Amino acid sequence: MTRTSSGVDAASLDTLTDAVLTASRLLVAISVRSIAAAEETLTLPQFRLLVVLNSRGPLKHATLAEHLGVTPSTASRTVDRLVAGGLVDRRTSPVSRREIVLAITPDGARIVRRVIARRRKEIAKVVGKMSAEHRDGLVEALTAFAEAGGEPALEAAPEAIWG
């Protein structure tokens with residue numbers, strides 16, 4: 001039996017990875033539908049940028065790119081489109097007048113709330129179809145998965161996420 005560096009056998013890791021990939025296809029489909037219903041011109045990467053700013057607050061450009069896992073030039077093009085659409089604002093940093101920070105606008109935050117509300121409804125329908133036995137460990141497993149990936153929990157900053 002081959003073990004990974006974390007002590008998990010390779011076959012179990014492959015099975016688990018396949019299950020997460022399958023679930024992620026469903027979650028991406030739900031995400032795309034919820035964005036399309038709220039704002040037909042918004043792309044998934046643009047929405048992800050809005051969510052990062054909404055959940056983490058104003059960020060410097062390089063920090064935002066890092067959170068998104070993209071190059072600064074890619075983030076810059078996305079930010080430019082969202083600034084033009086009134087969903088992101090460039091502001092002078094309160095710490096240093098030479099730095100620019102990016103912040104979500106009230107319109108951007110409103111879109112995030114609408115999309116998340118629609119997504120919550122659709123995910124609730126899926127979870128409602130699961131047996132109680134399968135739902136039991138889901139919260140713990142998904143919370144651990146999100147933490148391992150560095151995603152902040154919704155409870156971490158409800159005022160930033162919801163309003």
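A: Let us begin with a term needed for single residues: a residue is buried under 20% relative accessible area, exposed over 50%, and partly exposed in between. R90, at 39% relative accessibility, therefore counts as partly exposed. Please note that this is a predicted model.

Q: How many of the residues, as a percentage, count as buried in the chain?

A: The chain has 163 residues, of which 26% count as buried. The C-alpha atom of I111 is separated by 7.4 Å from that of E39, although the two residues are 72 residues apart along the chain.

Q: How many helices and strands are in the chain, and what pattern does the chain follow?

A: The chain contains eight helices and three strands. Along the sequence, their pattern reads α-α-β-α-α-β-β-α-α-α-α.

Q: What order do the strands take in the sheet?

A: The three strands form an open sheet in the order β1-β3-β2, and their pairing is antiparallel. At the edges are β1 (59-60) and β2 (88-92), each of which pairs on one side only.

Q: How many bridges join β2 to β3?

A: Five bridges join these antiparallel strands, with β3 spanning residues 100-104. To locate the pairing on the model, one may look at V88, which stands opposite I104 in β3.

Q: Which parts does the pair of E122 and R33 tie together?

A: E122 is in helix α5 and R33 is in helix α1 (residues 10-38), so this pair links parts that are 89 residues apart in sequence. R33 has a relative accessible area of 42% and is therefore partly exposed.

Q: Where do E99 and K60 lie, and what does their pair tie together?

A: The side chains of E99 and K60 meet in a salt bridge at 3.5 Å, N to O. E99 is found in the loop between β2 and β3, whereas K60 is in strand β1, so the pair connects parts 39 residues apart in sequence. As for accessibility, E99 is partly exposed at 28%, and K60 is partly exposed at 39%.

Q: Which parts of the chain hold D80 and R90?

A: D80 and R90 also form a salt bridge between their side chains, at 2.2 Å from N to O. Helix α4 (residues 72-84) holds D80 and strand β2 holds R90, so their pair ties together parts that are ten residues apart in sequence. D80 is partly exposed, its relative accessible area being 38%. R90, with which this lesson began, is likewise partly exposed, at 39% relative accessibility.

Q: Which residues gather in a patch of positive charge on the surface?

A: A patch may be read by finding like charges that are joined within 9 Å. Here R114, R118, K121, K125 and K129 gather in a surface patch of positive charge. K129 is located in the loop between α5 (106-128) and α6 (132-135).

Q: Is K129 buried or exposed?

A: The cut-off for an exposed residue is over 50% relative accessible area. K129 has a relative accessible area of 74%, so K129 is exposed.

Conventions
Residues numbered from 1 in each chain as written. Predicted model: local features only at pLDDT ≥ 70, side-chain atom pairs only at ≥ 80, totals over all residues. Heavy atoms only, no water. Patch = residues over 30% accessible without salt bridge, like charges linked within 9 Å, V, L, I, M, F, W, Y side chains within 5 Å. Areas by Shrake-Rupley, 256 points an atom, 1.4 Å probe, with all protein chains shown as cover. Salt bridge = Lys/Arg side-chain N within 4 Å of Asp/Glu carboxyl O. Lys, Arg positive; Asp, Glu negative; His and termini not counted. Charge placed at Lys NZ, Arg CZ, Asp CG, Glu CD. Helix = DSSP H or I, 4+ residues; strand = E, 2+ residues; numbered from the N terminus. Buried < 20%, exposed > 50% of the residue type's maximum accessible area, 1.4 Å probe, protein only. Pairing = 2+ DSSP bridges.
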